[in-house]
Every structure is written in C-alpha cells, then in structure tokens.
Amino acid sequence: MNYTQFPRRPYLNGPTPIEAMPTLSSVLGGKLNLYVKRDDLLPGAAGGNTTRKLEFCIADAMEIGADTIITCGAVQSNHCRLTAAWSAKEGLDCHLVLEERVEGSYKKDASGNNFLFELLDVKSIRVVDGGSDMAAEMTKTADELSGKGKKPYIIPGGASNAIGAMGYAACAEETMQQLNAIGLKIEHIIVPSGSAGTHAGMVVGMTGVNANIPVSGVNVSRPKAVQEEIVYALAQELAAKLGVKTGVNRKDIVCFDQYVGPGYSIPTDDMVEAVKLFAKNEAILLDPVYTGKEAAGFIDLVRKGHFREGSNVLFLHTGGSQALYAYLDTFRA
C-alpha cells in the first residue's frame, strides 16, 4: 500500500520487536507458542500505539498550518499523553478534553498520565461528564482558541479516524515483513479494541497484504455487536482511502466483549491476574484499561482452547503501563 500520498511525520525508530513468551506459554499449559508485538516500546514519552497514528494526524495538522492540537480521552488517557508528547516535540500547543467516564475518577493531582500531562506542558485540560458529546466539546475548545487567533486542529479520541488508522495498516505490513524475515507463521493476532483505529488498521493492513491471518479484538468498553460495527465502518473507510480493492469482509471483524467487566477503566479480577502473569513471567508491564483487559481475554481464550493446539499466536501490546501508577490500590488489595 502506498502511504507516500499522505503527509507523515517520522516518529518511529524502526520496527518494534516481536518477542516469544515461552514462560507464559508454559504457565498457560504449553499447548501454544505465544508471542508479543512490543508497540509499548514505540517512541514518545514512554511509548504506546498512538505514536503510529500521530505520524499521520499531526502531519495532516502541520500540512494545513495548524499551531494547536486538540484531542480527547478518558482521565488517564494514553492517547492524550502521546498527543501532548508529539505536540511538544513539534512545537505545537496541546489542549485536552477529558471525559470522566467513571464519576469521581478525575483527580487533578493524580499520578500516572495525569502527572505526565503537566510535565508535557498541556496548555489546558477541561473535564466533562461521562457520556458527553466529545466532538462537540472539542469543537467548543477549538472555537474559543480560534477566537484568540490560534489555528486549532482536532484529533478524535484515540486518533481513530481514517487518517490515524493508517498507522496500524502500516503496522500490519511491518509485522508481516518481520514474520517473513524470520520465517515465523502466526495463525492469529489479538488486539485491544476501543476507539477502533488500531483494530481497523490491523485488519485493513492484513487484508491489503493478503496475509490471511485473523485479527480479533478484545473489547475494553462496548458490547460486541456495537463495537464490531464501529470497527467495520472505520475499516471500510480506511480501505477505500488506501485503495484496498477487495475492501474488508464483515466476517473478518471479530470482537470479544466478555472481559469488559462493569465498564470502561473499571478493574476486574481477570485484568489484575493478567497484568500480574505478564509481569512475573515475561517482565512485561501492561496497563489496567486496555492491554490488561486485552490480556485477560487473551489468557482466557488460550485456557479455553480457542486456538488450534501447537499454533503460534501474537498479542499486540499497545502500551500504557504509565496508568498502572494510578491504580496502586487495585493491585495491592
């Protein structure tokens, strides 16, 4: 696929590693070979998946002469941290609109990403109630800044539009190049599915290179039927943008919603177990909101025999361990 037709900033330091997880594989029964794609090691104020998306989103903003970036997320948003990081790197102002999806969860003096927003010199943070129209709230901020002579550019939550999702179509191609180079046959890829850009991008990328590797998402918020339609709509838009002539088949969009628990960012026992298993067996840190619940689903699917015995399964690690430090009571309980 041809990405040169779109503005892009050079934020990557080469491919992120694909690592075997032999100890975790053994602990989970030894019937599968488990691997991890380490996008937690991407550059940008401690890493994470949004760096791939922001290569395209911030480039698009700079192409039109924007001097200010506005985005949104939850109160401990990794996406907001990375947007602030790359905005700082580019000399752009960054303004955040944070959605308090769990009442009382925003604490101005909290650790984790809240503290990093300060270090990264975010110009303003406005907190709105859970369920707010975030597009409208960001537009409100943009209008205020435009009135002050700024040139704002809005990046949606998770940078999950067709521009941002291109970063994960490119990641799918990168992954296949690595697998071909080392001769590793992966039979299934598991990703977190939230704002949908990572999931949709991986499906489109794998389709575009004819990889024939299923990509399944573990939901972090919405029910299966709702999330699959959101991912499918974005995947179709991205496929058209990149000229993937075959498009995306609806049957290729698969989500598991059994691991969300009471709601977005609310801890579950399975998430806590998964974070601890990855840490003590592979020295890999997950986050409580996305990769922790993704890992809870991943581990449960392994235990239930969802994957063919003897197969190689890849876990996409999208980062976010900085948020762990805002959940100390959960893990020390």
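**Inside the fold**

Reply: Start with Thr318. Its relative accessibility is 5%, so Thr318 counts as buried. (Buried means under 20% relative accessible area, exposed means over 50%, and partly exposed lies in between, with a 1.4 Å probe and protein chains only.) This is a predicted model, in which local features need pLDDT of at least 70, side-chain atom pairs count only at pLDDT 80 or more, and totals for chains, interfaces and linings use all residues. Residues are numbered from 1 along each chain as its sequence is written, and side-chain values use heavy atoms, with hydrogens and water left out.

Where does Thr318 sit? Find the loop between β10 and α11 (328-332). Thr318 lies in that loop. Leave out residues up to four places away in sequence, and Thr318 touches Asp39, Asp40, Gly48, Asn49, Pro192, Thr198 and Thr291. (Contact means heavy atoms within 4.5 Å.)

Next, the nonpolar cores. The largest nonpolar core holds 54 residues. Leu54, Ile189, Met202 and Leu242 have the most contacts inside this core. (A nonpolar core is a set of buried Ala, Val, Leu, Ile, Met, Phe, Trp, Tyr and Cys residues, joined through side-chain atoms within 4.5 Å.) Which elements give two or more residues to this core? They are α2, α3, α6 (162-182), β7, α7, α8 and β10 (312-317). Helix α6 gives the most, with ten residues.

Zoom in on Ile189, one of the residues with the most contacts inside the largest core. Set aside the neighbours of Ile189 within four places in sequence. Ile189 is then in contact with Met202, Met206, Ile213, Pro214, Val215, Ser216 and Leu314. Another core lies apart from the largest one. This second set has 34 residues, including Leu34, Val220, Val313 and Phe315.

Now the rings. How many aromatic pairs are there? The count comes to six. (Rings of Phe, Tyr and Trp, with the six-membered ring used for Trp, pair if their centres lie within 6.5 Å; planes under 30 degrees apart are stacked, over 60 edge-to-face, and the rest tilted.)

Take Tyr264 and Tyr290. Their ring centres are 5.8 Å apart and their planes meet at 75 degrees, so this pair is edge-to-face. Tyr264 is in the loop between β9 (254-256) and α9 (269-282), while Tyr290 is in the loop between α9 and α10 (291-303), so the pair ties together parts 26 residues apart in sequence. Tyr290 has 24%, so Tyr290 counts as partly exposed.

Phe278 and Phe315 make a tilted pair. Here the distance is 5.1 Å centre to centre, with 45 degrees between the planes. Phe278 belongs to helix α9 and Phe315 to strand β10, so you can see why this pair links distant parts of the chain, 37 residues apart. Both phenylalanines, Phe278 and Phe315, are buried.

Definitions and conventions. Helices (H or I, at least four residues) and strands (E, at least two) are DSSP runs, numbered from the N terminus.
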